[in-house]
Structures are given as C-alpha cells and as structure tokens.
Amino acid sequence: MSEKYNFHAISLIVLCFAFLFGCSAAESGGQGTLTVSPDFFRVPDSEGRVQFSAKVSGVLDENVTWSLLSGPGTIDPNTGLYVSEAVTAQVATATVQATRNRDAGLSGTGKVGLTKIKKAIGEPLTSGVVELAVGGLFVRDGQTIDLNDDNNLDLVARNPDLNQVSFLLGNGNNTFEEKPIPVTDPVAMVVGDFVGVLNSFAAELAVASGSDQKIHFISSDTTGQQPPSISQTISLVVGQTPVSLAAGKFHGSFLNDFPISDLIVGTAAGEIIFFRQDRSQLPFTHTETGTFPVGGKPIQMIVADFDRNTTLDLAVVREGSKDLFVLFGNGQGSFSSNTTLSFPGVITYLAEGDFNGDDIPDLVAAHAASSQISVLLGNGDGSFGTPLQIPLSSKPGTITIGDFNVGTNDDIAIALPDTNELFVLYGNGLGKFTGNWRFSTGALSPTSLISGFFTGFDAPQGFQSIDLIYMGSDLTGSANQFFLLSNQSN
C-alpha cells in the first residue's frame, strides 16, 4: 500500500486554542481579530490535503498569506491548502499561520493533530462465543442501540456451546460489562422493541432457539439493578427450525410513529415467517401473518427501503446462492412482489449503505470463494446497477459500513480472517472508492466486524470517526476477546 493511502486512514482532530471543541486560535493586532480553522468535517483525501480558512472580523478568507510554522507537509501561501507528507510516527502535528496582507500585525495560528487508528485493550469474552452483534432495527447507520438507557452503545454475544447469550453493556470508556442469559441452542439474534412500553421505544433482544423452535424476547433492566431475563416467548410452527432473524416496522410507513418491531424469522425449510406486532396493550403481542418461500436457506436478512416508497423491504441471502432474493413490503405487514438480483459469485455476507450520496440504499456483498466483494448501487425503484467487482488479497468475512475517516461518505470495512487483517475502502461519495487502509490484527482471526460510536456516541461528528470492533482468538484458541479500534486523538 502506498504512503499516500496510509495517510488517508488518519483522522483529523482539531486541537483547541480558545474553545472546548476549538476550531481555531486567534491573535489580535491592528484592527479586528484573525482566526484560523481547518475544514474538520472533511479530512485529508487520498493525497493528504486539508483546506484551512481564515476569518477577519467576520469576513471569511480575507486576503492573507499562509505559512507552515512546524510539522510535516507544505501549505499553499495563497489558498491555505495544506498537504501532508507521509506520516510514519504514531502521532504527528502541524501548525500553520495566516497573516493579513494589509496589516502584518494581524495573524492567527491553527494546529491539526494527525493520529493513526489505535487499538484498545481487548475485552474478554466467555469461551464459545461465535457471534458478536449490535443493532438490527432499521436505523440509518443502524448501530445506535443502547440496551440499558445509559447513553452508551452495547453489544450482544451468542454462545451455543454454553446455551446462552450475553448483553455486553458499554461503559463509554472502551470497557463493557457482561450479563449472560441462558437460552437453549441460540442460532440467531436481532435487536428491536419487542416488549417495550406504550408510545415509547425500549431496545430488547430477540433470540431464536433452534432446537426449541422458539423466539425468546429478552429485556434489559434500565435501572441497572437487575440482570436481564427472558420476559416472553412465542412458538413457531411445528417443524420450522429458525436460522435467521430480522426486525422492523413493516406495517405502515417506517418514517412515521415510533419504530414498531415486527419480526421476520428465516427457517431451515427455505421460508420466512412474518410475525406482526400489536402494540395496543402490554405486553406487546406478535401474530403470525404469513409464510413466504424464498427458494433456499435464508442465512442473512437485510432490512431497507429499496424502492423508496417509505415501506420496508427485505433482502434475503440464501445459502450457496449467487442471487439475492428481495421482497418488497406493501406496508400492511406483508409483501407485494419479489425479485432476484444477480451477483458475480456466491454471496457469503451482505451489508447496506449509501455509496453515492443519493439517499438510496446500495448493497455490498462478500464472495469468499473468489476473494472479492461486489457493490451494487440502488436506482430507487427496487432495481440496481451493474455490480462493481473489487478484488481482495484474501477471502472476505464480515462486512460493516461507516464513515471511518470523518470524510462524510460511507466506507466499507471488511474482515479478512485468513490473513488476520481488516481492510477498509474509503468511499468518494460517487459510488467509487479512492484509497484504502489495511490493519494487521496480529495472531487473531477477525470475525463479527461491527461499527459504531462505542467511545460515546454523543461526541460531535467531525471530531470523532466511527469505531470498529472485531472478535478473535489467538493461534492456540486460548484467547477469546473483542477489540476496539478508535480513530481519534487522545
């Protein structure tokens, strides 16, 4: 990987001079005040560029001359365009200065910190965890789930060996508290408002028990005084073994009202079963309203509004299939039609994002057999463009979407288990990817790649990029941990 792409993984953090989240520093002289600020919402592109601006007494970009006082790189004296050199140290800083041409006594300085993505100490997991997850509801950037209402993101873990799932409750400081819950043969999980409170939202966990052919809804006590417990169960049709779950508001427009959590269960028989939620009384009830064949074992389901009619649709990944099965919601708790989307290889994992900035859901699929991914841009009517095929150095595993360099565009993060790496492709907002970043996890085979603001999602966006979490074990299998990668200055 080239040095310029190394820098593209570097986050821009403004180091304060005058304000708590300071975006400038100032010095007085002559008439007025000159302040200097980088455009911190758009971090360096693949060539390491940052655009600085100057303000004199409320007038932006008044005629000034720019200079670099310290640090790597160069700055254009006329435009304030700062271009970094290759940064190899863990942390490097650059200080720039603007001086007003008609009053040399009036100048201001600004400083940027260039900090590489850092790995936090791994959190231990109970031996036997096979999946780490968060989210599930149709929420844009869908990882903003707080299970115990403490304003910190949480995780859920699935452990078939011990017949249990766990809430991993985030403390907002890179640590988590594990609360295990016994569940027989947990085969799938999804977060939603399944039990809840009338006219409000409370996040809970739905867990599919394969051998019991049941769904368990698990609530977390928001007071933090009691451990979570199974509060309600529903039974599936006899002989239907669940293998995957999805949740969302499929009756009515998902844009209105609180997010009702209808439940969709994928079965080993190659069908999905729809359970419609009734929130008219407590506890909420789920009634089976239909069974739909999907032509194969549904190993993963993605919820999004692919045809942009404000009702949710469902994309179904079928085991061993090159085609994606898409069902279009009719807004009444059922589906009006379906179609299949062809991919260049067997789909082993699927994720949804917006890679060209048109607010229409796009798709990215992993193809493990051919060591590549493919990106399909949505047209907004339920159809998609020709797949953009992107080769990788090894087989892709889990995929997650987020803005990992505070560049305002969706990026793609991919786990590469065979080479113990994570690989990030940086989106240019036009459906293409300009630059990449590769991270070696050491003697770990990364799985369950997740994105979210785990160091506190109240932090102003633009000062903090989305974190990455992955799970792994060492070469002997003795360590079972998850690790957090945070792209911010500290």
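F335 is buried in this predicted model, with a relative accessible area of 11%, where buried means under 20% relative accessible area, exposed over 50% and partly exposed in between, for a 1.4 Å probe and protein chains only. F250, at 1% relative accessibility, likewise counts as buried, and F250, F274, F292 and F335 form one aromatic cluster. Because the model is predicted, local features need pLDDT of at least 70 and side-chain atom pairs count only at pLDDT 80 or more, while totals for chains, interfaces and linings use all residues. Residues are numbered from 1 along each chain as its sequence is written, and side-chain values use heavy atoms, with hydrogens and water left out.

**Aromatic pairs**

- The count comes to nine aromatic pairs, a pair being two rings of Phe, Tyr or Trp (its six-membered ring) whose centres lie within 6.5 Å, with planes under 30 degrees apart counted as stacked, over 60 as edge-to-face and the rest as tilted.
- One of these pairs joins F176 and F482, whose ring centres are 5.2 Å apart and whose planes stand at 70°, so the pair is edge-to-face.
- F176 belongs to strand 16 (residues 176-182) and F482 to strand 39 (residues 481-486), so that this pair links distant parts of the chain, 306 residues apart, where strands (E, at least two residues) are DSSP runs numbered from the N terminus.
- Both F176 and F482 are buried.
- F250 and F335 also form an edge-to-face pair, at 6.1 Å centre to centre and with 70° between the planes.
- Since F250 lies in the loop between strand 21 (242-248) and strand 22 (262-267) and F335 in strand 28 (residues 335-342), the pair ties together parts that are 85 residues apart in sequence.

**Nonpolar core**

- The largest nonpolar core has 31 residues, and those with the most contacts inside it are L132, L155, L205, F454, I469 and F482; such a core is a set of buried Ala, Val, Leu, Ile, Met, Phe, Trp, Tyr and Cys residues joined through side-chain atoms within 4.5 Å.
- Among the strands that each supply at least two residues of this core are strand 13, strand 14, strand 16, strand 38 (467-472) and strand 39, whereas strand 15 gives the most, with four residues.
- Leaving aside neighbours within four places in sequence, F454 is in contact (heavy atoms within 4.5 Å) with V134, L153, D154, L155, G172, F176, D467, I469 and L484.

**Salt bridges**

- The structure holds three salt bridges, each being a side-chain nitrogen of Lys or Arg within 4 Å of a carboxyl oxygen of Asp or Glu.
- E131 and R158 meet through their side chains in a salt bridge of 2.8 Å, N to O, and because E131 lies in strand 13 (residues 131-133) and R158 in strand 14 (residues 155-159), the pair ties together parts that are 27 residues apart in sequence.
- E131 counts as partly exposed at 24% relative accessibility, whereas R158 counts as buried at 13%.
- D193 forms a salt bridge with R279, the closest N and O atoms being 2.9 Å apart, and this pair links loops that are 86 residues apart.
- Both D193 and R279 are buried.
- The side chains of R438 and E421 form a salt bridge of 3.2 Å, N to O, linking strand 36 (residues 433-440) with strand 35 (residues 421-427) across 17 residues.
- R438 counts as partly exposed at 31% relative accessibility, while E421 counts as buried at 15%.
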